[in-house]
Amino acid sequence: MQVVSISSLKGGVGKTSVTTGLASAALAAGIPTLVVDLDPHADASTALGVRPGDQLDIGRMLKSPRRARLAENVVPSGWVERGSANGGAPAGRTSVLDVAVGSAYTGIYDRPDLGRRDLRRLSAVLAGAEKYELVLVDCPPSLNGLTRMAWSASDKVTLVAEPGLFSVAGTERTMRAIQLFRQEFAPNLSPAGIVANRVRTGSAEHTFRLAEMESMFGELLLSPHIPEQANWQQIQGAAHSIHHWPGDSAKNAAALFDTLLANLLQADGRQSGAPVRDRVRR
Ligand SMILES: Nc1ncnc2c1ncn2[C@@H]1O[C@H](COP(=O)(O)OP(=O)(O)OP(=O)(O)O)[C@@H](O)[C@H]1O
Ligand SMILES: [Mg+2]
């Protein structure tokens with residue numbers, strides 16, 4: 001099992017979109033996957049089309065991690081039944097895409113001063129996640145308790161950034177925070193890389209920022225980049241998977257997420273060692 005957190009200090013850069021794109025690729029590949037929706041806004045749960053019954057949400061599971069019984073409280077994504085036979089998984093594989101449903105209740109842990117014991121709550125809940133090959137954790141836009149709890153339960157952290165000054169600067173700060181966190185709490189945690197999202201190919205600013213990100217982060221900048229996708233909000237609004245949406249643009253985006261997932265799972269978290277360049281354009 002690999003646990004991958006999808007994080008960023010800055011809001012709205014596409015964490016949930018990347019999480020759901022990767023979940024869609026994992027579902028299509030037949031990789032049994034759990035999405036943990038750690039954001040109190042619960043956007044990933046909405047996008048994944050969950051219909052919760054009387055299961056405990058992730059906030060309540062975190063409250064009593066030893067009694068959480070994850071297997072009884074996950075909810076299958078609505079994407080599984082919408083797919084073709086067997087959810088569209090390749091022959092011989094079964095379709096498993098479950099969600100530990102988000103709720104505002106998780107907000108009680110999103111403090112800057114969360115102690116060591118509290119940081120281990122998600123790891124304790126995920127002790128019941130052996131049936132999954134992949135666990136994706138969608139984090140809120142901060143480096144407070146919830147994101148740090150996600151990091152301490154993760155093998156890898158993926159950062160999402162738009163090719164803009166503030167987002168690139170935020171990514172650099174987050175990268176430093178990960179290094180400090182590794183030293184103090186999680187020596188085995190590795191940054192799996194940075195996903196550049198909402199890239200506009202014709203934009204001079206985006207071309208400049210991508211080149212800057214390449215020199216700052218080296219191999220940690222994952223490929224492929226995810227372009228600005230005109231129908232993305234419509235697909236999310238319909239709580240659909242990108243792999244099941246009709247049309248060539250969705251098919252192309254789905255193929256990008258297939259490659260991104262493969263590259264991310266292979267990423268070994270090597271550091272680029274490249275010096276951080278002055279971010280001000282001369
Ligand atoms: N590649 C893309 N193309 C077009 N729209 C996108 C793309 N990625 C994200 N968006 C849109 O941008 C908005 C923010 O995306 P998303 O919710 O995934 O970001 P987030 O980082 O999870 O936000 P938050 O910090 O609030 O959790 C959403 O409306 C989403 O549909
Ligand atoms: Mg989000």
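**Labels and their cut-offs**

Modeller: P224 is found in the loop between α10 (204-217) and α11. Helices are DSSP runs of H or I with at least four residues, strands are runs of E with at least two, and both are numbered from the N terminus. This is a predicted model: local features need pLDDT of at least 70, side-chain atom pairs count only at pLDDT 80 or more, and totals for chains, interfaces and linings use all residues. Residues are numbered from 1 along each chain as written, chains are lettered from A and ligands numbered from 1 in written order, and side-chain values use heavy atoms, without hydrogens and water.

Colleague: What makes the bond between S223 and P224 cis?

Modeller: Its omega is about 0°. Most peptide bonds are trans.

Colleague: Which residues come nearest to ligand 1?

Modeller: K15, S17, R198, Q229 and Q236, of 18 around it. A residue is near if one of its heavy atoms lies within 4 Å.

Colleague: Why is the Q236 approach called a polar contact?

Modeller: A polar contact is a pair of N or O atoms within 3.5 Å. A side-chain N or O atom of Q236 is 2.5 Å from an oxygen atom of ligand 1, so the pair qualifies. The side chain of R198 also has an N or O atom 2.7 Å from a ligand oxygen. For K15, a polar side-chain atom lies 2.7 Å from one. The protein covers 85% of the 630 Å² of accessible area that ligand 1 has on its own (Shrake-Rupley method, 1.4 Å probe).

Colleague: Which helices each supply at least two residues of the shell, and what classes make it up?

Modeller: α1 (15-29) and α11 (232-237). The shell has five nonpolar, nine polar and four charged residues. Asp, Glu, Lys and Arg count as charged, and Gly is among the polar ones.

Colleague: How do you know that β2 pairs with β4?

Modeller: Two strands pair if DSSP finds at least two bridges between them. Four bridges join β2 (residues 33-37) to β4 (residues 97-100), so they pair. The two run parallel. V35 has V99 of β4 as its bridge partner.

Colleague: What is the sheet order, and which strands are the edges?

Modeller: Seven strands form an open, mixed sheet in the order β3-β4-β2-β5-β1-β6-β7. The edge strands are β3 (75-76) and β7 (190-196), since each pairs on one side only.

Notes. Polar contact = N/O pair within 3.5 Å; in protein donor to acceptor, adjacent residues only side chain to side chain.
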